[in-house]
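User: I have not seen this structure before and would like to go through it step by step. Could we look at it together?

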Amino acid sequence: MPRKNGEKKIQVISNEIANLPEYALVPVRDTVIFPHLMSPLIVGRDRSVRAIETANANNQRVVVFLQRDPEIQDPYFEDLFSIGTEVSLGRMLRMPDGTSSVIAQGEARVRLVEITQLEPYLRARVMPIVDPRDKTLETEALMRAVLALFEKAVHLTPNLPDDAYIAAMNSDTSGALADLVGSTLNLPIEKRQDLLDTLDPITRLQKVSVALAKELDVLELQSKIHTQVQEEVDKTQREYYLREQIKVIQHELGETDAQTRETNELREKITQAGMSKEARDKAEHELGRLTQMPSAAPETAIIRTYLDWLIALPWVKATTDNLDIPAAAKLLDEQHYGLKKAKERILEYIAVRKLAAEKMRSPILCFVGPPGTGKTSMGRSIAQALGRTFVRVSLGGIHDEAEIRGHRRTYIGALPGRILQTMKRAGTINPIFMLDEVDKIGMDFRGDPSAALLEVLDPEQNHAFSDHYLDVAYDLSKVMFITTANILEPIPPALRDRMEVIEFPGYIEEEKVAIARQFLVPRQKEEHGLKETPKFSDEAVRGLIREYTYEAGVRNLEREIANICRKVARTVAEGKRAPASVTGEALFKYLGPTKFTYGVKEEKDEIGVATGVAVSDAGGDTMAVEVTLMRGKGGLMLTGQLGDVMQESAQAALSYARTHSRELGLKVNFDKLDIHIHVPEGAIPKDGPSAGITIATALISALSRRAVHRDVAMTGEITLRGRVLPIGGLRDKVLAAHRAGLKTMLIPKKNKKDMVDIPKKVQREMQFVYVERMDQVLPVALSRGMQAKRGGK
């Protein structure tokens with residue numbers, strides 16, 4: 001019996017659903033249509049177009065429902081909001097973009113019950129929803145409050161006509177008023193659907209009242225801002241009008257004097273300079289003081305100079321970046337050989353500027369490398385590639401913080417610092433600004449210039465750089481700063497942390513030959529007025545590199561080429577026949593005796609002499625470590641201007657030799673020997689731990705009377721246990737050994753990862769032995785024991 005009652009109840013519900021009206025359904029993505037209001041309906045899907053065309057053809061209405069997810073192309077029942085609108089349709093128009101537009105008149109709210117058809121368009125059964133028409137005192141009060149707010153909103157919103165308020169006044173129910181006002185508000189689509197879903201008219205009107213109050217607050221604030229702006233504009237126009245009248249009156253009376261003309265010119269220049277608000281206020285304040293001072297007052301010249309500096313600085317003028325990456329790459333390759341890392345970094349910067357112009361910060365780069373490797377000239381090439389102005393400031397030897405920040409105006413003859421002086425010379429706010437020799441900044445009682453540079457080279461601070469003279473914030477954030485240094489160690493850690501370091505390594509012989517042929521020889525011939533002749537043979541260029549220069553860069557090489565060109569130019573100027581070419585044999589004629597000896601420094605294998613390598617400002621260099629033994633009382637003498645760290649390395653080497661004397665076969669009494677360790681070229685200070693294994697090898701060679709191979713170089717720090725620790729500057733050291741003609745080099749095994757920076761040609765021409773302990777060094781370095789395996793490349 002209960003089962004029959006249940007079946008009967010289900011049948012009744014099914015009959016009720018079957019009796020509900022059925023309409024064509026149009027799903028929409030971003031439109032909510034309210035009852036009793038007209039709204040444009042844009043459709044583009046084939047189903048929706050067919051639904052509207054069929055409804056128009058049969059003079060029928062459709063129902064419109066908003067999708068929950070606008071990305072769904074073919075929505076079904078669960079993809080639509082349950083409350084929609086029954087609408088009447090006007091004429092449908094085809095749009096140029098392929099969509100169709102139709103004017104829709106909302107009739108009533110409907111609830112989606114079921115979808116009855118999918119093709120050729122959606123059809124659905126809906127349940128009509130009718131707003132209750134009861135009107136209580138509470139409803140009346142709420143309607144009046146909403147109308148009062150809406151009236152203010154209409155007055156403050158220029159795109160809302162007065163007819164909207166009239167229509168709202170004539171809304172006879174709270175639900176109709178809520179729908180009308182809600183449709184005019186700039187609400188997100190979710191909020192509009194929420195209003196449509198709210199079936200209780202009072203609750204709906206309360207939501208509209210809250211949204212309307214928020215909108216009114218925004219409109220009032222907007223109106224206030226607009227009024228203030230308009231008042232400021234009116235004030236400026238009034239001042240301008242009055243000043244123009246004063247000018248005309250003074251002109252008619254013939255009262256315009258030189259000081260007045262000068263003041264007017266300054267005021268016009270201040271207006272045209274495009275200064276920041278702070279700077280303009282300051283300039284106008286100082287100009288006001290200037291106009292009130294007698295022309296003979298001492299401070300007049302100070303104020304005038306200050307105003308001239310404010311006006312002369314670039315505030316808004318900027319060059320347009322050239323973002324053509326292939327053209328920039330071609331230009332950089334034409335002007336510089338090698339330097340792959342620096343070129344890649346600049347091309348990456350151009351690429352990011354092309355994709356996110358205003359979002360990225362200007363990089364702070366630091367080019368580090370030996371002299372003559374192209375750091376400064378690369379900066380000029382970067383400026384040319386980007387189409388920017390290039391300016392340069394040399395920081396070498398400055399000791400005064402005021403060189404960076406300027407002097408305060410209380411001092412006689414005060415001026416801005418070098419940063420702003422150079423910005424004035426640049427004339428734009430986005431130059432390539434090179435700070436040369438940043439590693440040679442000094443410090444004394446007048447302050448630390450490197451500390452002042454922290455603000456200049458910090459993207460978080462340099463948008464408001466403070467100069468003591470200017471006394472207003474100046475924006476340096478659009479400047480691309482490039483610093484240069486020979487070595488990183490003297491640069492303070494805080495300043496180094498603000499810069500992106502790009503190393504400019506020394507060149508090998510093949511690279512120098514290519515640079516001389518592509519750049520140096522053609523440039524020097526052009527500068528000396530030589531056209532085709534003379535031609536420099538490869539033999540001559542290699543002779544210059546090997547025997548007349550000894551450097552990591554190419555500066556001295558270019559100087560020697562210029563020396564030859566001058567002598568040839570003199571020959572041509574005297575009417576004599578110029579040589580057709582410069583050969584290796586002719587170098588002595590032009591340059592005299594050779595200055596350097598190419599090849600291994602030591603002529604033969606010697607006892608107590610080992611060859612090490614070091615890094616200096618000029619790149620890498622080889623150095624000999626000499627050890628001699630004398631009768632004495634166990635003393636250790638160190639000469640050659642050795643630093644504290646290098647002296648400690650010598651102590652560690654001696655301690656290792658003493659503690660391992662039995663394993664090393666040293667049959668000496670250390671207590672009766674004085675040991676003298678000397679590193680030649682005593683006028684040059686030397687320091688660092690990397691000579692540890694070199695000192696130990698020379699010491700053990702002297703104690704064991706075993707000669708050290710003259711073609712073996714070595715580098716590595718030694719511990720008391722005989723371990724070999726990694727070192728820095730491997731590339732410069734390897735290139736120095738290669739330049740000296742050494743064939744084998746011992747390096748710490750943990751430095752093997754750094755071999756990727758060594759040119760392939762050097763790796764092919766030299767043998768590298770990777771060592772972890774001192775007992776692996778000695779069989780390779782000393783004359784006996786060479787039959788042991790000597791590592792690998």
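**Salt bridges and other contacts**

Analyst: To begin with a local contact, Glu 765 and Lys 761 form a salt bridge, with their closest N and O atoms 2.3 Å apart. Please note that the model is a predicted one.

User: Where do Glu 765 and Lys 761 sit in the chain?

Analyst: Both belong to helix H26 (residues 760-765), and because they are four residues apart, about one helical turn separates them. Glu 765 is partly exposed at 40% relative accessibility, and Lys 761 is partly exposed as well, at 22%.

User: Why does a spacing of four residues matter in a helix?

Analyst: An α-helix has 3.6 residues a turn, so residues three or four places apart point the same way.

User: What does Glu 284 form with Arg 280?

Analyst: Those two form a salt bridge, the closest N and O atoms being 3.1 Å apart. Glu 284 and Arg 280 are four residues apart in helix H9 (residues 277-292), so about one helical turn lies between them. Glu 284 has a relative accessible area of 40% and is partly exposed; Arg 280, with 32%, is partly exposed.

User: How many salt bridges does the structure hold?

Analyst: It holds 37 salt bridges. One of them joins the side chains of Arg 123 and Glu 22, at 3.2 Å from N to O. That pair links distant parts of the chain: Arg 123 is in strand E6 (residues 123-129) and Glu 22 is in strand E1 (residues 22-28), 101 residues apart.

User: Which charged residues lie over rings?

Analyst: Among them is Arg 409, whose charged end sits over the ring of Tyr 306, 3.8 Å from its centre. Another is Lys 424, over the face of Trp 309 at 4.3 Å from the ring centre.

User: And helix H6, which of its residues are buried?

Analyst: In helix H6 (residues 189-197), the buried residues are Arg 192, Gln 193, Leu 195 and Leu 196. Viewed down the axis of H6, they fall within an arc of 155°, so they line one face of the helix. Glu 190 and Lys 191, on the other side of H6, are exposed.

User: Last one: which residues make a nonpolar surface patch?

Analyst: Leu 221, Ile 225, Val 229 and Val 233 make a nonpolar surface patch of about 330 Å². Val 229 is placed in helix H7 (residues 201-253), and it is partly exposed, with a relative accessible area of 47%.

Key
Residues are numbered from 1 along each chain as its sequence is written. This is a predicted model: local features need pLDDT of at least 70, side-chain atom pairs count only at pLDDT 80 or more; totals for chains, interfaces and linings use all residues. Side-chain values use heavy atoms; hydrogens and water are left out. Buried means under 20% relative accessible area, exposed over 50%, partly exposed in between (1.4 Å probe, protein chains only). Helices (H or I, at least four residues) and strands (E, at least two) are DSSP runs, numbered from the N terminus. The arc is that of the directions from the helix axis to the C-beta atoms. A charge sits over a ring if NZ of Lys or CZ of Arg is within 6 Å of the ring centre and within 35 degrees of the ring normal. Patches are made of residues with over 30% relative accessible area and no salt bridge: like charges are joined within 9 Å, nonpolar side chains (Val, Leu, Ile, Met, Phe, Trp, Tyr) within 5 Å. Accessible areas come from the Shrake-Rupley method with a 1.4 Å probe; for residues, only the protein chains shown count as cover. A salt bridge is a side-chain nitrogen of Lys or Arg within 4 Å of a carboxyl oxygen of Asp or Glu.
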